[in-house]
Amino acid sequence: MKIGIIVGSVRQGRAASAVAQWVKSVAERTEDVTFEVVELSEFDLPLLTSATVPGMANRAYDDERVVRWGQAIDSYDGFIFVTPEYNHSIPGAFKNAFDSLAPEWMGKTVGFVSYGAGNGVRAVEHWRTIVANFQMHAVRQQVSLSLFTEFGDNGLQLEERREGELTTLVEQLTDATRKFVLADELAGATR
Ligand SMILES: Cc1cc2nc3c(=O)[nH]c(=O)nc-3n(C[C@H](O)[C@H](O)[C@H](O)COP(=O)(O)O)c2cc1C
């Protein structure tokens, strides 16, 4: 079982990468599950301008960068979205990356780690309605970090309770993912 931790900011100097590395360091204490950090910026995705709606493309996307992104997302059973809040919602580049694919997300699991002045909770609420379109199973537990008190000049200065919160998120996510993967295997389905 493989979980992708998606770095949801492509900004230079982004805080998202450090958050994702922390998530990985805690998550990989879980046995029998592989966690990988997925840097969105490395895919250099174009803005979605294709005439073919991604859900109708049968994975044959116009742009090689999107094909590569799709193959990466296809290789994961579930995800942790590391998301900042931009203008009271989700980052545009991350939404574009999400919109650029379709079957690769379908029916998979997702958990959210956010941050911002209000701990990024608005971004997560928006993500929850968005991922519902692909029947993704979003776990209840989320980790929401304060930009004001938990991000310092020398890196993350997380509240003590964060590790426990993240551990619960990872447990919920891996439990749900196991069930979905098993159900798919039993049904002989391929994702
Ligand atoms: C375009 C933009 C809009 C932002 N809007 C918000 C916002 O609505 N709420 C908030 O808490 N922080 C907001 N911020 C501040 C971000 O939370 C902060 O810059 C954070 O470091 C962004 O994550 P990143 O460094 O991983 O890109 C905004 C930042 C940017 C770049």
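Predicted model: local features only at pLDDT ≥ 70, side-chain atom pairs only at ≥ 80, totals over all residues.
## Basis of the model

Local features require pLDDT of at least 70 and side-chain atom pairs pLDDT 80 or more, whereas totals for chains, interfaces and linings use all residues. Residues are numbered from 1 along each chain as its sequence is written, and side-chain values use heavy atoms, without hydrogens and water.

## Ligand surroundings

Polar contacts are pairs of N or O atoms within 3.5 Å. An oxygen atom of the ligand lies 2.5 Å from a side-chain N or O atom of Y115. The protein buries 74% of the 610 Å² that the ligand exposes when taken alone (Shrake-Rupley method, 1.4 Å probe).

## Helices α3 and α4

Helices are DSSP runs (H or I) of at least four residues, numbered from the N terminus. The axes, lines fitted to C-alpha atoms over the stretch in contact, of α3 (residues 92-99) and α4 (residues 121-131) come within 12 Å and cross at roughly 10 degrees. The helices are therefore roughly parallel (angles under 35 degrees, on a scale from 0 to 180 between N-to-C directions).

F94, K95 and F98 of α3 meet W127, I130 and V131 of α4, with contact meaning heavy atoms within 4.5 Å.

Notes. Polar contact = N/O pair within 3.5 Å; in protein donor to acceptor, adjacent residues only side chain to side chain. Helix = DSSP H or I, 4+ residues; strand = E, 2+ residues; numbered from the N terminus. Parallel < 35°, antiparallel > 145°, perpendicular 65-115°, else oblique.
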